[in-house]
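Please look at the chain below before reading on. The explanation moves from the overall fold to a single helix and then to a loop.

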Amino acid sequence: MPTNLNTATAADIDAVPGLQGHGFEIVRYRSERGGFTALRQLEEVPGLAGKTGGLEGEVSFE
């Protein structure tokens with residue numbers, strides 16, 4: 001089951017392959033700018049530019 005990046009905790013996000021160590025930044029980005037609607041928005045999170053390939057089935061935004 002994909003992890004919802006709009007409701008998951010930092011620890012839940014850190015458990016997603018490819019996002020380890022980025023949970024805190026993703027939660028901070030979400031709280032500052034609102035929820036995610038598309039995978040491409042992860043590119044704007046510090047440290048994730050160019051690292052979102054392969055996450056399509058791992059995360060959701062609903």
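What follows is a walk through this model, from the whole chain to individual residues.

The model is predicted: local features need pLDDT of at least 70, side-chain atom pairs count only at pLDDT 80 or more, and totals for chains, interfaces and linings use all residues. Residues are numbered from 1 along each chain as its sequence is written, and side-chain values use heavy atoms, with hydrogens and water left out.

The chain contains two helices and two strands; helices (H or I, at least four residues) and strands (E, at least two) are DSSP runs, numbered from the N terminus. Their order along the sequence is β-α-α-β. The radius of gyration of the chain, taken over C-alpha atoms, is 10 Å, close to the 11 Å that the globule rule gives for 62 residues, so the chain is as compact as a globular protein of that length. That rule is 2.2 Å times the number of residues to the power 0.38. Along its principal axes, the C-alpha trace spans about 25 × 25 × 20 Å.

Of the 62 residues, 34% are buried. Buried means under 20% relative accessible area, exposed over 50%, and partly exposed in between (1.4 Å probe, protein chains only). The chain exposes about 3,700 Å², of which carbon and sulfur atoms supply 52%; the areas come from the Shrake-Rupley method with a 1.4 Å probe. A contact means heavy atoms within 4.5 Å. Among contacts between residues at least 6 apart in sequence, 42% join residues at least 24 apart.

Which residues of helix H2 (residues 23-33) are buried? They are Gly23, Ile26, Tyr29 and Arg30. These residues cover an arc of only 130 degrees around the axis, which puts them on the same side of H2. The arc is that of the directions from the helix axis to the C-beta atoms. An α-helix has 3.6 residues a turn, so residues three or four places apart point the same way. The buried residues of H2 pack against helix H1 (10-14). On the face of H2 turned away from its buried side are the exposed residues Phe24, Ser31 and Glu32.

Just after H2, Gly34 has a positive phi of about 95 degrees. The loop between H2 and strand S2 (59-60) holds Arg40. Is Arg40 buried or exposed? Arg40 counts as exposed, because its relative accessibility is 60%. Arg40 lies 36 residues from Asn4 in sequence, and the two are 15 Å apart in space, C-alpha to C-alpha.
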